[in-house]
Amino acid sequence: MYSRAYKTIVSAPPLLWVSLFLLLPYALMFAHSFWAVQDGALVHHWNIDNYRKLLANPLYADVLFRTMRIAASVMLCSLLLGYPLAYYLSFHSGPRKELLYQLVIVPLWVSYLVRGYAWKTILGSEGVLNGFLQYAHITHAPVGFLLYSPFAVVLMLTHIYTPFVFLPIYASLEHIPRPLVEASQDLGAGPISTFFRVILPLSMPGLFAGATFAFVLSLGDFLAPLLVGGSSGTMIANIVQTLFGAVYDWPLGAAISVCILLITLSLLFLTEHLEKRWSFR
Amino acid sequence: MSSVVISQPAIVDANAPLLEVRAVAKRFGSRDVLKSISLNIASGEFLTLLGESGSGKTTLLRLIAGFEQPTSGEIWMSGERLDTRPPHKRRVNTVFQNYALFPHLNVRDNVAYGLRVQGAPKTEIPARVDQALSMVKMSEFAASRPSRLSGGQQQRVALARALINRPQLLLLDEPLSALDANLRKQMQSELKALQREIGITFLFVTHDQEEAMALSDRIALLRDGALEQVASPREIYARPATAYTAQFIGQTNLLRGEIRRSIATCGALRWPIEEPDGPAVFSLRPETIRLSPDGKRQLSEVKFRGSIKQQIFGGASELLEVDAGDGQLLRVRLPASGPLTGEHDFVFSIADAIRVAD
């Protein structure tokens, strides 16, 4: 048993941290979303006009839906890349497992910005990809849709978040007791049947965790659209950034942030529920 | 003219073994885990692979199940090559050491698994699952998750799940080792009864020699990846071929000595023997030695005088440690007879000193 004093001392730093850097900023943001701007200055008039504006102007809803579409695409693409990768590494890579694992993780040490600019170089009209397409006579002029499009944003975010999706899936696959796989084969199930009946269901918690990572991180991303998104690839975080930075309409920016936060929280709530439902310890 | 295809019935020899292990060897890296094992298992037999950990018994089981490939040698079952088939195409099922029940499926779905993946008719599945569950007395737990069950209950479910495909051969990998002593005894007798009832061939792996003796029709004793002896429990106990077998199966006194001019001499003990000269090892079971109150002996017996060093009371019997002279210690098992001290005359029959290979 630990003494009261010990418990207090141990739990004080995290409590302080959470209140100072999480609860307080969120409270401020929440308050701001119910204030207003008059003549370029913030006034503490409590009102819900900011939320009315969000509903009235279809631009915000459009961008929000585009953002969710992009986040969903990133989630789907990184799952399609990350799951097979994790499955191969966990079950079939043999002695190369450690090396391959490191190779998947290494890109995480490279700065986000560097990778963003790399995509710019690859996708641009003078870029590597267009150069190759013309060299191979697949196209005769630079292809425009590669850069400054939602496609480019999805591509870049998928590249960046696939390791985040890979990690929890890999961890959950590694936790599957191998005798279960053998038991399935022993009872007459071939490799495909074993995958869908045993491996996939038991890796669901990792899959949900990875999917949440990809979706939530993409939802709040503003650098990828800034670097490779162009005007057709603008996402909701860019709007927030503009409202806070350029337009100086903090209350409206805060209102959008509250909406994103609510979406994110309900998503986390949902996945936590799903993960619990699919864990069988 | 059309050729007539005459279909011939497959020639099945009723005496042919169900499973034939032919000179199977398995090497992991530079380690020879199995060294050319040849073993036949008859249909309906209960055969136990007995050995210490690391003797290769589980590896042999995994080769038969198909989870490992032999480095050399072949395995045949019912006249067909088995070792070239993937595990899901073998009519062999396994009860795993820690049961390996699917945690995401309830008891009913665990048991039904084999039928579902093999595409059994949907109308047939519920009845067969019910039957399998009642066979292992687990019907009332059909809807439970495995994590809610005790070890013994999980054991029963694992058994039902493995038997529902009606395998020709059931492999059991130390299935009782995780159970406490009382439950283990109970499961042993249930397992034996079940095997008699359904008539499926059992290949049972254990490191527990008492369990092997209690259950098996035959015991195959493995040592360092090689078969030491294959025989019925009674025979392997009464006539161990090697010193290792004699010591591993039950308790024994190993007498090391030599034979010269038809006399065996082991320390203070001497008896006539019709065998060529040379060093010799004999196994003498503790219960074959008895007290000789009148100091008399038959011609076929050996008498010696020993002082009692220690006495361990074991309920129905007593285990004595007796010094037969010059510090040669012999273990003697007597019916419980009260405390004994000092020197006594003991006898044993010459026929009970079994010559074993060293």
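The contact draws 20 residues from chain B and 17 residues from chain A, two residues being in contact if their C-beta atoms, placed from the backbone, lie within 7 Å. On the side of chain B that touches chain A, strand 6 and helix 2 (107-117) of chain B are the elements that give two or more residues, and helix 2 of chain B supplies the largest share, three residues. By class, that side of chain B has nine nonpolar, nine polar and two charged residues, where Ala, Val, Leu, Ile, Met, Phe, Trp, Tyr, Cys and Pro count as nonpolar, Asp, Glu, Lys and Arg as charged, and the others, Gly among them, as polar.

This is a predicted model, in which local features need pLDDT of at least 70 and side-chain atom pairs count only at pLDDT 80 or more, while totals for chains, interfaces and linings use all residues. Residues are numbered from 1 along each chain as its sequence is written, and chains are lettered from A and ligands numbered from 1 in the order in which they are written.

The secondary structure of chain B comprises eight helices and 20 strands; helices (H or I, at least four residues) and strands (E, at least two) are DSSP runs, numbered from the N terminus. Overall values for chain B are as follows.

| Property of chain B | Value |
|---|---|
| Span of the C-alpha trace along its principal axes | about 85 × 60 × 40 Å |
| Share of the 358 residues that count as buried | 36% |
| Share joining residues at least 24 apart, among contacts between residues at least 6 apart in sequence | 62% |

A residue is buried if 20 or more other C-beta atoms lie within 10 Å of its own, exposed if 12 or fewer, and partly exposed in between, with C-beta atoms placed from the backbone.

Chain B holds an open sheet of six strands in the order 6-7-8-3-9-10, with mixed pairing; two strands pair if DSSP finds at least two bridges between them. Its edge strands, each pairing on one side only, are strand 6 (92-95) and strand 10 (226-231) of chain B. Strand 6 and strand 7 (residues 169-173) of chain B run parallel and are joined by four bridges, with Leu169(B) as the bridge partner of Val92(B).

In chain A, helix 12 (residues 236-245) has Ile236(A), Ala237(A), Ile239(A) and Val240(A) buried. Seen down the axis of helix 12 of chain A, these buried residues fall within an arc of 155°, so they line one face of the helix; the arc is that of the directions from the helix axis to the C-beta atoms. The buried residues of helix 12 pack against helix 3 (58-92) and helix 13 (250-277) of chain A.
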